[in-house]
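Here are my notes for you on this structure, as promised. Have a look at the model first, then read the points in order.

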Amino acid sequence: MIHSRSKLISMTAQQSLIGFLGLAFSVVIFRQSGFSDDVIVAKLQWVLIAYAIGTLLQAIYWQKIGIGTGLMLPPISGAIYVQPSILAIAIGGLPLLIGMTIFAGMCEFMLSFMLRRTRIIFPPEICGLVLLLVGLELGVTSIQAGAKKPYIINSAILVATLIPILVLSVWGKGYIRHVCSLIGVFSGFVVTLYLEGITNTNGFNMPLFKLPPLSAIAEQNISFNWSLSLPFFLVGFAATIRSLGLTMSVQQANDPHWRKPDYTSLQRSIRTDGLAAMIAGALGVNGINVSPTSTTMAIAFRCTDVVLSYAMSVIFVLLSCCTGLLIYIANSPLPIVAGLLLYYAAFIFTGGIRTIGAQSFGIRQVFTIGISFCVAMSTYIIPEAYQALPAPLDVFGRSSLALGLIFAVVLNMLFSIGARRNARFILRMESVPDKLIRENIYTYGNSWGLKQDLVEDTIMIAKEIAYDIHHANLAESDIVVEARDNTIEFSVSLTYTGTPYKMMPLQTVNMEKILDEEMFIEGLKIYLRGMMPDKVSTSINNNDHCCVMISFNH
């Protein structure tokens, strides 16, 4: 909570700076697309307006229409939108960027209604693959943006930007660690000024203050290309993952008694984020997504009051009129932006690795992830082979993410055939259950290729339930234990005749010392695997047959 006006002012300024820094992603998109300075400045003005609208939409809780969360979840230009947006402009110009950005936001909006059902097609390891490939594409884009002539000068600027960020991220402490990207950008500008001087002479011919031009919206067209529908659907899916993880983090930070995810709030957050992306597209700019940096700083300084969102919205509107400042952003040296992109790419790429590594891996998962990743890499190794394909198939050669995920989903569904397994054993009333539970579940887990910590968690919870039932004399019969696995969920049920058993509350996850993009990864881990167990259900029928089921998501 915010306790003073001075803290509100300080945090508003810092959060607004973070949002302003996010304009770097928009600059990459529009600079790589060859737009003039005037056009880029006008686009940046409307990006800031989109920021203000998106921040306000998340802050306001509109219960009747299912929009808004009442949480501080400000969006900025999304790193995940960079490569697909450049691709859309290259194929169909600004009208196609508008249409495909609206489509991506619509996909995220619709996915919010299917949050619990997407795990069947997109299990955790495939979510991890999405993040890994997004990070890879972002890293490639950053190298393409920074590796331009003159190479020595551009390399020096990139290094000058990246080194302070890395040093402060690794060895910095407290506040300085959370503003490392701002310091890196400042360092990059200082080195640029020293090596190249002020090259931004065109900016002085523009007025210092100017309202965002309405003509830029009124005169724009919109188009759609089915060949890009898959890449932009995956952008919407990646945005869903990020929104989910960050909202989980804010939920836990705001509630000291947090025990389980509020699915209604999660759905509203994702839905609102998708709506914000659609609005950004309608305004003629690239997509926006909830900011990990803003969320991390807010949680780190215990400053998640929604009043901050209202103040930030006002600041974004005011900044959108500062064309004298935006011209400098529009002409930011691409090596500075490339350094920032590398920084975010590292987080997203390793976040994918961590998400994949946190799951249980059998031979099905090995082939699904391994083959899909190799196929995705082929777009960089033999791009000419994909360019020779007829339209619209040639788009796969431009998106490693789209190609890799198609293979992953198809292989996952193929390998799911015959993957359901189950077994049962009986706990006698006169016996002590601990040893028998460990022996059987451990045997099943090993034979089914389940991850060791998943098996140990299951054994611990099952032993606790059986011990309580046994010593409280709840069971009037032997306990039948059934174990089931379908590669998505591992569950154990204990069925007996007698008095129902009440399960203990779920655990939380401590998320201290989290930096920037790590915040959404930690929130995602809570959602995917961070609780113990993921689901608990109890039931009783007319014959007094009681059943306690615990489920763990892989």
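1. Let's start with Val-167. This residue is partly exposed, with a relative accessible area of 36%; that label covers the range between buried (under 20%) and exposed (over 50%), using a 1.4 Å probe and protein chains only. Val-167 sits in helix H6, residues 151-171. Helices here are DSSP runs of H or I with at least four residues, strands are E runs of at least two, and both are numbered from the N terminus.

2. Before going on, a word on the source. This is a predicted model, where local features need pLDDT of at least 70 and side-chain atom pairs count only at pLDDT 80 or more, while totals for chains, interfaces and linings use all residues. Residues are numbered from 1 along each chain as its sequence is written, and side-chain values use heavy atoms, with hydrogens and water left out.

3. Now the wider picture. The chain has 21 helices and seven strands, and 57% of its 554 residues are buried.

4. What does the largest nonpolar core look like? It has 103 residues, and Leu-23, Leu-44 and Leu-138 are among those with the most contacts inside it. (A core is a set of buried Ala, Val, Leu, Ile, Met, Phe, Trp, Tyr and Cys residues joined through side-chain atoms within 4.5 Å.) Helix H4, residues 82-111, gives this core its largest share, 16 residues. There is also a second, separate core of 30 residues, including Ala-423 and Cys-546. As background, nonpolar side chains tend to be buried together in soluble globular proteins.

5. Zoom in on Leu-138. Setting aside neighbours within four places in sequence, Leu-138 is in contact (heavy atoms within 4.5 Å) with Ala-79, Val-82, Leu-341, Tyr-344, Ala-345 and Ile-348.

6. Finally, find strand E7, residues 545-553. Seven of its nine residues are buried. E7 pairs with E5 (residues 489-497) in the antiparallel sense over nine bridges, and Val-492 stands opposite Ile-550 in E7. Strand E6, residues 535-540, also runs antiparallel to E7, with six bridges joining them; here Thr-538 stands opposite Val-548. Pairing requires DSSP to find at least two bridges between two strands.
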